[in-house]
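Hi,

Here is the structure for you to look over. My notes follow below it.

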Amino acid sequence: MAPPTTDVPTEFGVRPATVDELDALVGIEQGPETTRYLGITGPAYHERAYADPDQEQIVAEAGTSVVGFVVLAGLRRPDRVVELRRIVVSHRHRGAGYGRRLFRAAVDRAYRVHGARQVWLDVKPDNTRGRTLYASEGFMPDGTIPDPMCPDGVLLLMRHTPQPPTTPRQE
């Protein structure tokens with residue numbers, strides 16, 4: 001396994017992905033220790049997401065490099081519950097804080113841009129790194145669902161509901 005990059009650009013941004021970035025997204029998800037957590041991958045997966053108005057792919061850039069991506073889904077659900085369907089950081093950029101920054105930006109975008117009232121995700125039980133990140137960002141366990149890629153397995157559900165702003169007490 002290659003060590004994470006130590007050359008960390010200070011410029012970081014998140015924006016909607018473009019169709020021209022299809023190869024970059026597919027390349028990022030093919031990294032070691034990634035595909036086993038994703039299920040279906042490849043160009044057809046991303047082409048369907050680009051074409052679906054109920055989904056949005058966003059990319060994280062550090063400097064001029066795409067270092068990761070997220071797929072948000074359920075953007076047109078009447079109950080405004082948005083799914084964070086996929087979060088992937090390129091193998092060579094892991095361990096530099098990009099995953100947390102991308103995750104926070106995706107959750108913020110779900111609420112701010114798409115009007116979500118709640119965000120949820122599913123995660124494989126053995127994805128300790130992901131589960132730790134999600135819990136540290138306020139996602140709470142909420143049961144299990146069958147894993148469609150593993151007939152005998154389950155996926156853990158985790159949900160995030162924003163806390164209402166606190167108001168100062170009147171004395």
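Which residues of helix α3 (residues 43-51) are buried? Tyr45, His46 and Ala49 are. They cover an arc of only 90° around the axis, so they sit on the same side of α3. As a general point, an α-helix has 3.6 residues a turn, so residues three or four places apart point the same way. The cover over the buried residues of α3 includes α1 (22-29), β2, β3 and β4 (81-89). The helix α3 itself lies across β2, β3 and β4, and runs at about 110° to β2.

Before the rest, a word on confidence. This is a predicted model. Mean pLDDT for the chain is 83, and 84% of its residues reach 70 or more. Strand β5 (residues 118-123) has the highest confidence, at 95. Helix α2 (residues 35-38) has the lowest, at a mean of 59. Please also treat the start of the chain as its own case. Over residues 1-6 pLDDT stays under 50, and the model has seven contacts for them beyond four places in sequence.

Now the overall layout. The chain has five helices and seven strands. Along the sequence they follow the pattern β-α-α-α-β-β-β-α-β-α-β-β. Of the 171 residues in the chain, 42% are buried. Accessible surface comes to about 9800 Å², and carbon and sulfur atoms account for 53% of that. Among contacts with a separation of 6 or more, 56% are between residues 24 or more positions apart.

The sheet comes next. It is an open sheet of seven strands, in the order β1-β2-β3-β4-β5-β7-β6, and the pairing is mixed. β1 and β6 (140-146) stand at the edges with a single partner strand each, so one side of each has no neighbour in the sheet. On average, neighbouring strands of this sheet are turned by 30° against each other, direction ignored.

Which way do β1 and β2 run, and how many bridges join them? Strand β1 (residues 12-16) and β2 run antiparallel, with five bridges between them. Phe12 has Ala62 in β2 as its bridge partner.

On to β2 and β3. Eight bridges join β2 to strand β3 (residues 65-73), and these two run antiparallel. One of the pairings is Glu61 with Val66 in β3. The two strands form a hairpin with two residues between them. Gly63 in the turn has a positive phi of about 65°. Strand β2 (residues 55-62) is also mostly covered, with seven of its eight residues buried.

Elsewhere in the sheet, β5 pairs with strand β7 (residues 154-160). That pairing is antiparallel and spans five bridges. Val119 stands opposite His160 in β7.

One more helix to look at. Which strands does helix α4 (residues 98-112) lie across? They are β1, β2, β3, β4, β5 and β7. The helix α4 runs at about 160° to β4.

Best wishes

Technical notes. Residues are numbered from 1 along each chain as its sequence is written. This is a predicted model: local features need pLDDT of at least 70, side-chain atom pairs count only at pLDDT 80 or more; totals for chains, interfaces and linings use all residues. Side-chain values use heavy atoms; hydrogens and water are left out. Buried means under 20% relative accessible area, exposed over 50%, partly exposed in between (1.4 Å probe, protein chains only). Helices (H or I, at least four residues) and strands (E, at least two) are DSSP runs, numbered from the N terminus. Two strands pair if DSSP finds at least two bridges between them. Contact means heavy atoms within 4.5 Å. Accessible areas come from the Shrake-Rupley method with a 1.4 Å probe; for residues, only the protein chains shown count as cover. The arc is that of the directions from the helix axis to the C-beta atoms. pLDDT is the predictor's confidence in each residue, from 0 to 100. Axes are lines fitted to C-alpha atoms, for helices over the stretch in contact, and angles run from 0 to 180 degrees between N-to-C directions.
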